[in-house]
Amino acid sequence: MRIGVDIGGTFTDLCVLDETGVVAVGKVLTTHDEPARAVEEVLRATLKDAAPVTQLVHGTTLVTNALIERKGSRTALLATAGFRDVLEMRREHRYELYDLRIDLPEPLVPRRLRFDVPERILADGTVDTPLDEDYVARLGRELAERGIEAVAICFLHAFTDSRHERRAAEILREVAPGLRVALSSEVVPEIREFERASTTTANVYVQDLTERYLRDLEKRLHGAGIGPAPHIMLSNGGIATVDTAARHPIRILESGPAGGALAAAAFGASAGEADLLAFDMGGTTAKLCMISGGAPLVTHEFEIGRVYRLLPGSGLPVKVPVTDMIEIGVGGGSIARIDPLGLLTVGPDSAGSEPGPVCYARGGSEPTVTDADLVLGYLDPAYFLGGAMSLDAAAAREAIRTRIAEPLGVSVEQAAYGIHASVDEDMANAARVHAVERGKNPAEMPMFAFGGAGPVHGAGVAKALGAPRVVAPPAAGVMSALGFLTAPLAFDFVRSARSGVDELTGAEVDALFAAMEAEGEALLTESGVDSADIVHRRIAEMRYTGQGYEIRVEVPEISADWPEPLVEAFTRTYRELYRRTGPDVGAEVLNWRVVSSGPVPEVALRLHGEETGEAKKGTRPAYFPEAGGFVDTPVFDRYALRPGDGFTGPAIVEERESTLVVPPGARCAVRADASLEVTV
């Protein structure tokens, strides 16, 4: 058996696979005080079979939450003299031009703990000012005496020549061996000073917390009878060992959402659909990701804790590879309220799992999306989590009546549907912008809906987008956990070497890539991957000379006519993104990247051990305004449906972890892999 476990903001999900497919799923409320405790609980509650576990892959929001909540180590920054304030100066860019009271996130390191170190290496690697080793030694002793726990070292041009950073780290370890030290030349060895300093600081800030969590997780898994050491999901769609994740915790920022995107890609590939839109809606947030060419898009620009969620530049930048997605603050637990203008608004704050929506009866008092879906009849109060948790529909109705319906002067049902439809429109608008910015038309792509709340809202979002079809996979409520099990062991490497495309010979480029590939092979073989199974992807980040930002280009095989194939690949990629070619100037490369990965696991994407019996469970009233209000709606048992079955909406399909809503007039069919395909 192979197990995937995902810790989300509201629920902790588990999915168990064997060679036949999905054999068990589990879901428990997340324990925020001790996240690993929920992992242990869901394992003990779900695993009944004595079959040996061969692999466990885990994803967590721990790092993201620690950065947002500022719960990391007391950290200092050592920078080249004159550059200690780069964390505060940022890009000198106002993300909201006309906001006179603009807010920016506070740096992780206060100014009193940022230090100017006498040293300087120039962009070409020439030493302009030697490192003042005595200063570093005195500073290291003082930091240790002050109780500082971690130090980030980010010297100017260290991505070109790291000798000063490495020597400073050696001195600190000699005079203050208890300090954790992170070097920018190891964490993110690439150009752009602010992003490099921000990423290095964030990495060491959460390193101690992450390592303690991962060791606690290992201990609890061993106590639960799990033999193999866990693998940890990375934000870029690969997995790594616990030791690697502990050294580079910044790489696991978006591990949960990455799993969902991988699952969407895997199901799409099995159905022959290489391009689709993945829509993941959980209890706290919703994520949208483009799957192109059978794989999720990856970006190296990411921000944590944005002051304004949809405005780039308002958060802490992190320069690591992450699955390219947009996240908006609408989930099942998102709180609905009337704003100062008298308008209905939903999110971004969430009731989470503590106290949770009103209907959870755990102390919540603010109406949420889940409360609205329950009042509309989309959810069965007696079958939430397969009946393991009952919902209080009367309390949900009362909260919506007093907080939303009466202030707006509408019925409770109209208020509940307003909450439901508002969420659909918010997600559709975000998806439209996200797709268009990447050169895609969402109206031409099927939408893959998963997460506990995704299938409830999937058809509404697709209709607002103009998307033709919605696909809800089996075990949709734990899809990120399933996606973990489709990921290979992988890591990526980068070297900044800005140059015109004709300034480096093919041999020089090949040597640059070979050095990174050797690092990747060493890391993967150390993790148990056979060297014969390792593959490397070569990527160049390119732009037209004079442009400020670059695009990712797959590097073709280096041949005698180099660099013409690279220029052609760049022109083709640029045209795909922007529907035109660029200015009549030469192209240049800013960064060279290698993604090294092991073999992709073979996964049977089907539900194992389906229950027999009548597919139709009965009927219940559900609210569809296009049909005039409440309609007596057929309710189907997901586990009794068979490939080839089909029906026309309105209809509701229930499984233990999620519910699919089929609107009136839409056609639902069961595909060969047990996915439900709704033609909107």
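**View 1. Helices and strands that line the second largest pocket of this predicted model.** Elements giving at least two lining residues each are α6 (184-187), β25 (490-500) and α16 (506-526). Helices (H or I, at least four residues) and strands (E, at least two) are DSSP runs, numbered from the N terminus. Residue numbers start from 1 along each chain as its sequence is written. Since the model is predicted, local features need pLDDT of at least 70 and side-chain atom pairs pLDDT 80 or more, while totals for chains, interfaces and linings use all residues; side-chain values use heavy atoms, with hydrogens and water left out.

**View 2. Inside the second largest pocket.** A pocket here is an open set of points on a 1 Å grid over the protein atoms alone, where a 1.4 Å probe fits, with protein on both sides within 12 Å along at least five of seven lines; lining residues have an atom within 4 Å of a point. The space comes to about 430 Å³, taken as what is filled by probe spheres set on the points, which are joined across faces, edges and corners. Of the 22 lining residues, Ser185, Glu186, Phe493, Arg495 and Glu519 lie nearest the centre.

**View 3. An open four-stranded sheet.** The strand order is β29-β30-β32-β33, and pairing is mixed; two strands pair if DSSP finds at least two bridges between them. At the edges sit β29 (616-624) and β33 (659-662), each pairing on one side only.

**View 4. Where β30 meets β32.** β30 (residues 629-637) and β32 (residues 651-654) run parallel, joined by three bridges. Phe636 has Val653 in β32 as its bridge partner.
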